[in-house]
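Here is a short note to read alongside the model. Please keep the sequence and the structure open while going through the points.

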Amino acid sequence: MAIEDQDWWKTLERALEIVERDVRAADLTGALRLIPRGWSVGAQVQYDGCYHGEGLYPEDGGDLVSAIVNVADSTQETIMELIWQVWPVCVPHDRGAHAGWEDGAAVWKCAAGGSHVLARIGELPS
């Protein structure tokens, strides 16, 4: 069975589609895709032909909400390493946001102002 046929992989791919909306909202135009890790079972988020960080494990694709948070975190790590800027940004606080959970939803949270929700992941304004 190919890795792309496994349920956890399909869940991570669906999560990447949701995260990609936020990438495009920031006018980041590089190719974004999920690739198998070469050294162990799992995946890497690749942006513009590059990836960074530890990547994702099969358990990161156990359910869609967790997969969205994990893929958003991995995507953020890769993009920030390549563009050398914080992404995404909470404009009112001029601070970076981090992937997390709020009321059962995958969200971007700003650390300023009491850790408020910036937006649901996949719904950042352009």
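1. A term first. A residue is called buried when its relative accessible area is under 20%, exposed when that area is over 50%, and partly exposed in between. R14 has a relative accessible area of 36%, so R14 is partly exposed. Please also bear in mind that this is a predicted model.

2. Overall layout. The protein has two helices and six strands. Read from the N terminus, the order of the elements is α-β-β-α-β-β-β-β. The radius of gyration is 14 Å, close to the 14 Å given by the globule rule for 126 residues, so the protein is as compact as a globular protein of that length. Along the principal axes, the C-alpha atoms fill a box of roughly 50 × 30 × 20 Å.

3. Surface and contacts in total. Of the 126 residues in the protein, 44% are buried. Among contacts with a separation of 6 or more, 42% are between residues 24 or more positions apart.

4. The core. How many residues does the largest nonpolar core have? It has 28 residues, and L12, V23, L34 and V71 are those with the most contacts inside it. At least two residues of this core come from each of α1, β1 (32–36), β2 (43–47), α2 and β5 (105–110). Helix α1 gives the largest share of this core, eight residues.

5. V23 in the core. V23 is one of the residues with the most contacts inside the largest nonpolar core. Leaving out residues up to four places away in sequence, V23 touches L28, L32, Y47, T75, I79 and W87. The next point takes up one of these partners.

6. T75. This residue is in helix α2. Is T75 buried or exposed? Its relative accessibility is 1%, which is under 20%, so T75 counts as buried. Not counting residues up to four places away in sequence, T75 touches L16, V19, V23, L32, V45 and W87. T75 and G55 are 20 residues apart along the chain, and their C-alpha atoms are separated by 9.1 Å.

7. S74. Helix α2 also holds S74. With a relative accessible area of 3%, S74 is buried. Apart from neighbours within four places in sequence, S74 is in contact with V45, G55 and L56. V45 is on the contact list of T75 too.

8. Salt bridges in helix α1. A search of the whole structure finds three salt bridges. One of them joins the side chains of R14 and E17, at 3.1 Å from N to O. Both residues lie in helix α1 (residues 7–25), three residues apart, which is about one turn of the helix. E17 is partly exposed, with a relative accessible area of 45%. Another salt bridge pairs E20 with R24, and their closest N and O atoms are 2.7 Å apart. E20 and R24 are also both in helix α1, four residues apart, again about one turn of the helix. E20 has a relative accessible area of 24% and is partly exposed, and R24, at 31%, counts as partly exposed.

9. The salt bridge of E102 and K109. Here the side chains meet at 3.1 Å, N to O. E102 counts as partly exposed at 31% relative accessibility.

10. Which residues make the nonpolar surface patch of about 260 Å²? They are V86, V89 and V91. V89 is placed in strand β3 (residues 89–90). The relative accessible area of V89 is 35%, so V89 falls between the limits of 20% and 50% and is partly exposed.

11. Q85 lies in the loop between α2 (64–83) and β3. Its relative accessible area is 53%, which is over 50%, so Q85 is exposed. Q85 and G96 are eleven residues apart in sequence, and the distance between their C-alpha atoms is 9.3 Å.

How values were computed: Residues are numbered from 1 along each chain as its sequence is written. This is a predicted model: local features need pLDDT of at least 70, side-chain atom pairs count only at pLDDT 80 or more; totals for chains, interfaces and linings use all residues. Side-chain values use heavy atoms; hydrogens and water are left out. Patches are made of residues with over 30% relative accessible area and no salt bridge: like charges are joined within 9 Å, nonpolar side chains (Val, Leu, Ile, Met, Phe, Trp, Tyr) within 5 Å. Accessible areas come from the Shrake-Rupley method with a 1.4 Å probe; for residues, only the protein chains shown count as cover. A salt bridge is a side-chain nitrogen of Lys or Arg within 4 Å of a carboxyl oxygen of Asp or Glu. Buried means under 20% relative accessible area, exposed over 50%, partly exposed in between (1.4 Å probe, protein chains only). A nonpolar core is a set of buried Ala, Val, Leu, Ile, Met, Phe, Trp, Tyr and Cys residues joined through side-chain atoms within 4.5 Å. Contact means heavy atoms within 4.5 Å. The radius of gyration is taken over C-alpha atoms; the globule rule is 2.2 Å times the number of residues to the power 0.38.
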